[in-house]
Amino acid sequence: MSGENQQVDACRTPMPRRHRRPCPRCPRSRASGRAAVRARRLAVPALYLAGVAGAFAYVGAVDPNEPGHYPVCPLFRLTGVLCPGCGGLRSAHAFAHGDLIAAFGANAFAVVGYFVFAGFMALWLVRAFRGGPTPRIVLRPRYWWALGALALVFVIVRNLSFGSALAP
């Protein structure tokens, strides 16, 4: 028997279960090792995506327009002021049903967030599949302040009479 055949035959020799380790020379173990590493890398983003999809499925199944299913916004209940998240559940319900116009009407800020999250998740899944680094949202402080100012303008406009189109 040649040396090459002896190596292949050595990979197929049965070993006791507690001593089994992948053989570094065997192409089967290398391929299964790569698949295991890829599956491990994809596990975290896939679990996040499954959690968000489950939440969207629940909101899509249980209509937030019917009272009694979800709590009322505490800020709205105490002050009557619509916060940036008010209408977010109705927006998610409409979005889950594919009604993008109604989703924008309920909360345009949330719909933009859905698309940003979808883009981030797609990037995370692609990088995890290819073995790249986990993406991070790294913004300079002035951009965080600008995002906060945009949310504040959104709240002010949707609570004024001329911005009633932005109210849920």
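Which residues make up the largest nonpolar core? In this predicted model, that core has 9 residues, namely Val59, Val62, Tyr70, Ala92, Ala94, Ala103, Ala110, Val111 and Tyr114. The legends below take the chain as a whole and then a series of close-up views.

**Figure 1. The protein chain has 7 helices and 0 strands.** Read along the sequence, the elements of the protein chain follow the pattern α-α-α-α-α-α-α. Of the 168 residues in the protein chain, 21% are buried. When contacts between residues at least 6 apart in sequence are considered, 51% of them join residues that are at least 24 apart.

**Figure 2. The largest nonpolar core draws on helices α4 and α6, among other parts of the chain.** The view shows the 9 residues of this core, including Val59, Val62 and Tyr70. Helix α4 and helix α6, the latter spanning residues 108-130, each supply at least two residues of the core, and α6 gives the most to it, with 3 residues. Tyr114, one of the core residues, is buried because its relative accessible area is 16%, which lies under the 20% limit.

**Figure 3. Helix α4 covers residues 88-96 and carries five named buried residues, Gly88, Ser91, Ala92, His93 and Ala94.** Ser91 lies in this helix and is buried, with a relative accessible area of 0%. Leaving aside neighbours within four places in sequence, Ser91 is in contact with Ala103, Ala106, Asn107, Ala110, Val111 and Tyr114; among these partners, Ala103, Ala110, Val111 and Tyr114 also belong to the largest nonpolar core. Just after α4, Gly98 takes a positive phi of about 85°.

**Figure 4. Phe56, Phe95, Tyr114 and Phe115 form one aromatic cluster.** Phe95 is partly exposed, with a relative accessible area of 25%, whereas Tyr114 is buried, with a relative accessible area of 16%. Leaving aside neighbours within four places in sequence, the contacts of Tyr114 are with Phe56, Gly88, Ser91, Ala92 and Phe95.

**Figure 5. Tyr58 and Tyr70 form an edge-to-face aromatic pair.** In total, 8 aromatic pairs are counted, and in the one shown here the centres of the Tyr58 and Tyr70 rings are 6.2 Å apart, with 85° between the planes. Tyr58 belongs to helix α2 (residues 27-61), while Tyr70 lies in the loop between α2 and α3 (74-79), so that the pair links distant parts of the chain, 12 residues apart. Tyr58 counts as partly exposed, at 46% relative accessibility, while Tyr70 is one of the residues of the largest nonpolar core.

**Figure 6. The charged end of Arg38 sits over the ring of Phe129.** The distance from this charged end to the centre of the Phe129 ring is 4.1 Å.

**Figure 7. The largest pocket has a volume of about 400 Å³.** Its lining is made of 19 residues, of which Pro64, Pro71, Val72, Cys73 and Arg90 lie nearest the centre of the pocket. Helix α4 gives the most to this lining, with 3 residues.

**Figure 8. Pro84, in the loop between α3 and α4, is in contact with residues including Phe154, Val155 and Arg158.** Pro84 counts as partly exposed, at 29% relative accessibility. The C-alpha atoms of Pro84 and Val153 are separated by 9.6 Å, although the two residues are 69 residues apart along the chain.

**Figure 9. Gly105, in helix α5 (residues 100-106), touches Ala165, Leu166, Ala167 and Pro168.** These contacts are given without counting residues up to four places away in sequence. From C-alpha to C-alpha, Gly105 and Ala167 are 7.4 Å apart in space, while in sequence they are 62 residues apart. Gly105 counts as partly exposed, at 31% relative accessibility.

Terms used. Residues are numbered from 1 along each chain as its sequence is written. This is a predicted model: local features need pLDDT of at least 70, side-chain atom pairs count only at pLDDT 80 or more; totals for chains, interfaces and linings use all residues. Side-chain values use heavy atoms; hydrogens and water are left out. Buried means under 20% relative accessible area, exposed over 50%, partly exposed in between (1.4 Å probe, protein chains only). Helices (H or I, at least four residues) and strands (E, at least two) are DSSP runs, numbered from the N terminus. A nonpolar core is a set of buried Ala, Val, Leu, Ile, Met, Phe, Trp, Tyr and Cys residues joined through side-chain atoms within 4.5 Å. Contact means heavy atoms within 4.5 Å. Rings of Phe, Tyr and Trp (its six-membered ring) pair if their centres lie within 6.5 Å; planes under 30 degrees apart count as stacked, over 60 as edge-to-face and the rest as tilted. A charge sits over a ring if NZ of Lys or CZ of Arg is within 6 Å of the ring centre and within 35 degrees of the ring normal. On a 1 Å grid over the protein atoms alone, a cavity is a set of points where a 1.4 Å probe fits but cannot get out, and a pocket is an open set with protein on both sides within 12 Å along at least five of seven lines; lining residues have an atom within 4 Å of a point. Grid points are joined across faces, edges and corners, and a volume is the space filled by probe spheres set on the points.
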